[in-house]
Amino acid sequence: MRTDDLIRGLAADDKRETSPGWAVALLLPAGLAVAVLLFSLMLRIRPDFLPMLATPWLPLKFAVTLSLAVAALLVVSRLVRPGVRSGPVAIGFLVPCGVLALGIAAVLGLTPPETWMPGLVGHYARYCVVFVPLMGAPILAALLLAMRKGAPTRPGLAGACAGLAAGGLGAALYAFHCTDDSPLFVLTWYGIGIAALTAAGALIGRRVLAW
Amino acid sequence: MIDREEAWASLMRSGLAGDQAAYQTLLRALAPALRASVRRRLAGMGQPLEECEDIVQETLLAIHLKRHTWRTSDPFGPWLFTVARNKLIDHVRKRGRRIEIPIEDFADILPAAEERPGADSAEVDRHLAQLPAKQRAILKTVAVDGASVGDAARQHGMTPGAVRVALHRGFASLAARLRTEE
């Protein structure tokens, strides 16, 4: 086909895709809804949820995981648009890191050393590394689907950031159930669960986000 | 250079707002600029120049299918150069050659754009031939024969809406085939 003909054809095609931002706004709630459904089928909210909310430890889990999700979503929203620098917004990752570091410093500074290891090992680490990725999986799927409307020049990186966002949200959801509250536990086992989703996002993203 | 990008940005804004004539003007202005740039890059990398028009057409398809990722408030140049660079790298990489192209190289595309409006892309033709028959027929009627959507609808006994869908899907699957195959 001649380039002139191609251009005439392209100009006649007036169907426009949804912008990636809109697609995320539409699909992310759907992914979250599926995750909440999975939660309600397989898990329950910890019985001491309200009293624990008054301690620093449970709010800390939400602060770390949700700020991670927000930071990752901000980076995603820029990675899907060509020619837009995402470096400057990546600074947002300092928030979850800082909050978690603060929590760990509090544990190491305020609690006796013999409680550190039991706190890190926790009681239900195996459940955590399964359920964090499981809660995050529908969210990751929704994000990747929405991001296909975008044009990430680095599909693997964009997929990894989607995995981080999904991991953060999945972990926040699991935190409603999980009774292991030490920031050392959060760093280790939530970290592993979120890292698994991030790796999955990178691998899948490389395939499905190329354009 | 900045003036040119401003003019392109304004045409793209009109195009996104539904002005098909402005959009076609933009694509016609971009084609020679892309062609000059791609030829320079290919020559610089010691790659065969006959692939130039394949890359130009792939890039025009990507610009078209991803135009909604440009925000009208953003500068147009970086968006365009990133898309063009990506398509050139993809094309060369698909053939198993590794290359690195700094983004700055694309910022200076042109100034002396040569005009070859008759240029053909063999690769696009090859993939076009594998599209579903209806999409291929609509693409040919609208692009090659220059029929309007309404005329194409009458000619093929379809509704204008169905023609629009077939046209869009045709371009989308053409781009997907160019990206993945070979």
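Axes in this tour are lines fitted to C-alpha atoms, for helices over the stretch in contact, and angles run from 0 to 180 degrees between N-to-C directions. What you have open is a predicted model, in which local features need pLDDT of at least 70 and side-chain atom pairs count only at pLDDT 80 or more, while totals for chains, interfaces and linings use all residues. Residues are numbered from 1 along each chain as its sequence is written, chains are lettered from A and ligands numbered from 1 in the order in which they are written, and side-chain values use heavy atoms, with hydrogens and water left out.

**Stop 1: chain A on its own**

Select chain A and colour by secondary structure. You will find 9 helices and 0 strands; helices (H or I, at least four residues) and strands (E, at least two) are DSSP runs, numbered from the N terminus. The C-alpha trace of chain A spans about 75 × 35 × 25 Å along its principal axes.

**Stop 2: helices 8 and 9**

Now select residues 155–174 of chain A, which form helix 8, together with helix 9 of chain A. Their axes come within 7 Å and cross at roughly 145 degrees. Contact here means heavy atoms within 4.5 Å. Helix 8 brings residues including A:Gly156, A:Gly159, A:Gly163 and A:Gly167, and helix 9 answers with A:Tyr190, A:Ile194 and A:Gly201, among others. By class, this contact has 10 nonpolar, 8 polar and 1 charged residues. In that count Ala, Val, Leu, Ile, Met, Phe, Trp, Tyr, Cys and Pro are nonpolar, Asp, Glu, Lys and Arg are charged, and the others, Gly among them, are polar.

**Stop 3: helices 7 and 9**

The contact between helix 7 and helix 9 of chain A holds 17 nonpolar, 4 polar and no charged residues.

**Stop 4: where chain A meets chain B**

Bring chain B into view. Here 32 residues of chain A touch 49 residues of chain B. The area buried between the two chains is about 3800 Å², with carbon and sulfur atoms giving 58%; buried area is the accessible area (1.4 Å probe) that two parts lose on being put together, summed over both. On the chain A side, pick out A:Met1, A:Leu10 and A:Trp211, which lose the most area to chain B, together 23% of what that side buries.

**Stop 5: salt bridges between the chains**

There are 3 salt bridges between chain A and chain B, each a side-chain nitrogen of Lys or Arg within 4 Å of a carboxyl oxygen of Asp or Glu. One of them links A:Arg81 with B:Asp74 (3.0 Å, N to O). Helix 1 of chain A (residues 3–12) gives the most to the side touching chain B, with 10 residues. That side of chain A divides into 13 nonpolar, 7 polar and 12 charged residues.

Finish by selecting B:Arg28 and A:Asp4, a salt bridge whose closest N and O atoms are 3.1 Å apart. B:Arg28 lies in helix 2 of chain B (residues 20–45) and A:Asp4 in helix 1 of chain A, so the pair joins two chains.
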